[in-house]
Amino acid sequence: MPQSAEKVLDHVPLFCEPEYEKMFARKKLKFECPHPDKVVDAQYEFTSTWEYREKNLAREALVVNPAKACQPLGAVFAAAGFERTMSFVHGSQGCVAYYRSHLSRHFKEPSSAVSSSMTEDAAVFGGLKNMIDGLANTYQLYDPKMIAVSTTCMAEVIGDDLHGFIENAKNEGSVPADFDVPFAHTPAFVGSHVDGYDSMVKGILENFWKSTERVPTPALINIIPGFDGFCVGNNREIKRLLDTMGVTYIFIQDASDQFDTPSDGEYRMYDGGTKIEDVKAAKHAEATISLQHYNTRKTLDYCRELGQTTASFHYPLGIGGTDEFLMKISELSKRDIPEAIDRDRGRLVDAMADSQSWLHGKKYGIYGDPDFVYSMARFVMETGGQPTHCLATNGTAAWEAEMKELLASSPFGGGAQVWAGKDLWAMRSLLLTEPVDLLIGNSYGKYLERDTDTPLVRLTFPIFDRHHHHRFPLMGYQGGLRLLTVILDKIFDRLDEDTMCQGVSYDLTR
Ligand code: SF4
């Protein structure tokens, strides 16, 4: 046996041992009924053609590997950004296990959320009893300050009414009548996690804002970050910039501490988050700014209806994105941008210039949420790169139009194509027919990386197979430096690999 007490192998080398190789081959033959290798190879060849690409891009009735998650996942993430808030998902346990595991695998932190554990009987007769019992258990067991309720497919299909159910549960004594139970209907069969995020943030604001008068506070600015797997690094960087400028602000939905608790012997089910008093005070802000437009459309409409000034950005990073964000903050807060931030900007420009010869003309495939793809395409063009394939499964026609406008604004956007509503199987065809130098996305791109031989840079949620990236910012000028570094690292790693065949140009200095 390859494994013994004297020679303990990790699973990777262990499964490459001849015994396991033979076992896998036997299993494949016996249970997988595989096609002969030459048939598989022929199929690979066919799926690499333009003919297959046209068929693949015309596909409507099937989605393969969508680059998005369902609405309630966004709602659970949103709730994690508020003080002592427990997410309560009205639906089945399996769905909630998916949200918890998705968030835990990305952040490498515990992720708490409960479900009303609906099963067959609730699916037939409605889930009111589950809501009554579930809210009572959540309140008693987890000692929250607020319970944020969202829904899964099942609850939406049968039409459970959250407002009515929560009122009923309060009448039954599950939670005190004045206990805060904001809610959002988050039907998972439409939209994506960014819509669930939007609905839950709006639901929480409505819960606290609906019955109070607004007394505008000049120069007070609300910041809503949007669904962001890099919230730990990004929120802290944005706050650093605002503090450096001396801006008075309220960060609405801040999950940076919840998903970055220290190991000091104390388990924190809740940590950080926007304080409930601050959520209440945020109604009086002069303006609300969203860092991700497509994550906050309904919420910003609501803020506007109340009389607040609103503005939204597309994940402000790089030079242009950060410039616009800071100038808007400066205009609204009447605070100048201090020299320390100017110097940060200058350092990023300097770093980009230092590496320009390695970045100019590089082609990229970019996928992810609409705001992320927009900002990355913009940044890539700032470095002289060409964003060749820009894909957002949850992208809308409005996003597509905005992307085309952005790409038309730069000579580097000329060859770019924008794909709203397409999935990662479509991206595979794009990469095989029009290869690029780098793919930017999340961990799911690793299969494309191997299949199409396109180096992957992991820069957006979820990142399961690499650790701690989310602890460093991507936004702002400081974030731009990190972005630049990880892209360059990938370029240099590939370059070093490519030089191995001849042994020439394997240079010490790049
Ligand atoms: S898509 Fe529906 S069934 Fe699947 S995890 Fe989301 S809510 Fe649950």
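Predicted model: local features only at pLDDT ≥ 70, side-chain atom pairs only at ≥ 80, totals over all residues.
Residue numbers start from 1 along each chain as its sequence is written.

**Ligand shell**
- Around the ligand sit Cys70, Pro72, Cys95, Tyr98, Thr152, Cys153 and Ala188, where a residue is near a molecule if its C-beta atom, placed from the backbone, lies within 6 Å of it.
- That shell splits into six nonpolar residues, one polar and no charged; Ala, Val, Leu, Ile, Met, Phe, Trp, Tyr, Cys and Pro count as nonpolar, Asp, Glu, Lys and Arg as charged, and the others, Gly among them, as polar.

**The β4-β5 pair**
- Strands β4 (residues 217-224) and β5 (residues 248-251) run parallel, joined by four bridges; strands pair if DSSP finds at least two bridges between them.
- Helices (H or I, at least four residues) and strands (E, at least two) are DSSP runs, numbered from the N terminus.
- Asn222 has Ile250 of β5 as its bridge partner.
- To get from β4 to β5, the chain passes through helix α12 (residues 231-245), giving a right-handed β-α-β crossover; right-handed is when, with the strands pointing away from the viewer, the path from the first strand over the helix to the second runs clockwise.

**Nonpolar core**
- The largest nonpolar core has 117 residues, and Val76, Phe77, Met200, Ile223, Val373, Ala377 and Cys390 touch the most other members.
- Helix α18 (residues 370-382) supplies the largest share of this core, eight residues.
- A core here is a set of buried Ala, Val, Leu, Ile, Met, Phe, Trp, Tyr and Cys residues joined through C-beta atoms within 7 Å.
- Leaving out residues up to four places away in sequence, Val373 touches Ile366, Tyr367, Gly368, Cys390 and Ala392; contact takes C-beta atoms, placed from the backbone, within 7 Å.

**Two buried loop residues**
- Phe230 lies in the loop between β4 and α12, and it counts as buried because it has 27 C-beta neighbours inside 10 Å.
- The buried label needs 20 or more other C-beta atoms within 10 Å, exposed means 12 or fewer, and partly exposed is in between, with C-beta atoms placed from the backbone.
- Not counting residues up to four places away in sequence, Phe230 touches His470, Pro473 and Leu474.
- Ala184 is in the loop between α10 (162-171) and α11 (193-209), and is buried, with 27 other C-beta atoms within 10 Å.
- Ala184 and Met200 are 16 residues apart along the chain, with their C-alpha atoms separated by 5.2 Å.

Conventions:
Contact = placed C-beta atoms within 7 Å.
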